[in-house]
Amino acid sequence: MGRWAGPKYPEGPPANYDPENPHADPVALLEHREYEVRRKEVGVAKAQILRERMRLCYIKEGVNHIQNCKPVVEQYLDSIKNVGIHRQNAGMYERRGRQLDTE
């Protein structure tokens, strides 16, 4: 018996997900949401690695960190744009162009 390689996730979003009518297929909606969360968690992990590299560069370079760490800082700043999973599970309370259901 071989070594366990971890869970197997689909490579892309579900094929039957319709962005125009997301609630038509609830299973595809949840699979799409899980796919987006996994994709964003990878972005968060990359940002954490780059932040650690930036911190080590600052410590190593000392007073010359502005010149010598510029490429690492630019990579980090590019990686943190639109990163986070804070809005993934908003559901019916999401305000993107819709009114809240208050009834």
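How many residues does H1 have, and what does H1 reach from its first C-alpha to its last? H1 has 36 residues and reaches 52 Å between those two atoms, close to the 52 Å expected at 1.5 Å a residue, where the expected span is 1.5 Å times one less than the number of residues in the helix. Helices here are DSSP runs of H or I with at least four residues, numbered from the N terminus.

The structure is a predicted model, in which local features need pLDDT of at least 70 and side-chain atom pairs count only at pLDDT 80 or more, while totals for chains, interfaces and linings use all residues. Residues are numbered from 1 along each chain as its sequence is written, and side-chain values use heavy atoms, with hydrogens and water left out.

Along H1, the buried residues (under 20% relative accessible area, with a 1.4 Å probe and protein chains only) include Ala28, Tyr35, Ala47, Leu50, Met54 and Cys57. The buried residues of this helix pack against helix H2 (65-68) and H3, a contact being heavy atoms within 4.5 Å. Just after H1, Gly62 takes a positive phi of about 65°.

Within it, Tyr76 touches Ala47, Leu50, Arg51 and Met54, when residues up to four places away in sequence are not counted.

The torsion about the S-S bond of Cys57 and Cys69 is about -100°, so the disulfide is left-handed.

| Residue | Relative accessible area |
|---|---|
| Cys57 | 13% |
| Cys69 | 0% |
| Ser79 | 17% |

Ser79 is found in helix H3, and its side chain reaches the backbone oxygen of Tyr76 at 2.7 Å. Leaving aside neighbours within four places in sequence, Ser79 is in contact with Ala47 and Leu50, both of which are among the buried residues of H1.

Definitions and conventions
Buried < 20%, exposed > 50% of the residue type's maximum accessible area, 1.4 Å probe, protein only. Disulfide = S-S within 2.5 Å. Polar contact = N/O pair within 3.5 Å; in protein donor to acceptor, adjacent residues only side chain to side chain.
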